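I opened this entry to record what I looked up in the structure. The notes follow in the order in which I took them.

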Amino acid sequence: MITYRQITTADREYEAEKALRNRVLRAPLGRTLSEEDVRGEEQQIHVVAVDERGEVAGCVLIVPAADGTARIRQMAVQEDFRGKGIGAGLMAHSETIARALPARKLTMHARLSARGFYERLGYRVTSDVFMQVTIPHVAMEKTLNPEKT
Ligand SMILES: CC(C)(COP(=O)(O)OP(=O)(O)OC[C@H]1O[C@@H](n2cnc3c(N)ncnc32)[C@H](O)[C@@H]1OP(=O)(O)O)[C@@H](O)C(=O)NCCC(=O)NCCS
């Protein structure tokens, strides 16, 4: 069974979260999770998906912005846990957290390869394709609190 937990950078799951991000989001690009990648993360909201043995199967970070929106970053699900709804579960938790901030919109720079995943969850593309960390991305967003737009 998977449970979703909000953690801080002081929690022991943070090291496992970073290891997962390095394995899923950086190693396939020939990179390593950098100082730059983790700078300021103690101010960001971390959600992890944990299995019954305590293994971190997925994670996502939420960055509240000064303009009343919030940004998703570092969404990753470990390969052998994919296709089981964990990514969708992490996004559902992120939306609940972002609504409570309250943020009027959730935004992200999505890898083109994950565009369909976010579209299924109601996100729309708001930019042309651009390159980031050497791969094509698009900006995407979803309105959360329509009365605040
Ligand atoms: C993208 C990712 C987070 C999806 O996680 P997941 O746990 O496998 O996703 P889920 O099982 O919750 O899938 C939810 C739905 O999206 C679909 N989906 C999943 N990945 C998809 C993709 N890359 N493109 C299109 N649809 C996708 C699933 O088929 C499922 O559809 P359904 O509701 O009709 O069954 C995961 O594949 C991943 O970590 N990929 C590598 C890193 C990455 O690309 N991160 C995102 C960076 S922006």
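I began with burial: 24% of the 149 residues of the chain count as buried. A residue is buried if 20 or more other C-beta atoms lie within 10 Å of its own, exposed if 12 or fewer, and partly exposed in between, with C-beta atoms placed from the backbone.

I noted what kind of model this is. It is predicted, so local features need pLDDT of at least 70 and side-chain atom pairs count only at pLDDT 80 or more, while totals for chains, interfaces and linings use all residues. Residues are numbered from 1 along each chain as its sequence is written.

Next I looked up the fold. The chain has four helices and eight strands, and along the sequence they follow the pattern β-α-α-β-β-β-α-β-α-β-β-β. The chain is as compact as a globular protein of 149 residues, because its radius of gyration is 15 Å, close to the 15 Å that the globule rule gives. Helices (H or I, at least four residues) and strands (E, at least two) are DSSP runs, numbered from the N terminus. The radius is taken over C-alpha atoms, and the rule is 2.2 Å times the number of residues to the power 0.38.

I took the box along the principal axes: the C-alpha atoms fill roughly 40 × 30 × 30 Å. I also checked contacts (C-beta atoms, placed from the backbone, within 7 Å). Of those with a separation of 6 or more, 60% are between residues 24 or more positions apart.

Which residues come nearest to the ligand? Of the 19 around it, I noted Arg82, Gly87, Ala88, Gly116 and Phe117. Helix 1 (13–26), strand 4 (69–77), helix 3 (86–100), strand 5 (105–111) and helix 4 (115–120) each give two or more residues to this shell. A residue counts as near if its C-beta atom, placed from the backbone, lies within 6 Å. The shell divides into ten nonpolar, five polar and four charged residues. Ala, Val, Leu, Ile, Met, Phe, Trp, Tyr, Cys and Pro count as nonpolar, Asp, Glu, Lys and Arg as charged, and the others, Gly among them, as polar.

Last, I looked at the backbone. A cis peptide bond, with omega about 0°, joins Leu101 and Pro102; Pro102 is in the loop between helix 3 and strand 5. Val133 has a positive phi, near 40°, though it is not glycine, and lies in the loop between strand 7 (130–132) and strand 8 (135–143). Val133 is exposed, with 12 other C-beta atoms within 10 Å. Thr134 is in the loop between strand 7 and strand 8, with phi near 70°. Thr134 is exposed, with 8 other C-beta atoms within 10 Å.

Key:
Two residues are in contact if their C-beta atoms, placed from the backbone, lie within 7 Å.
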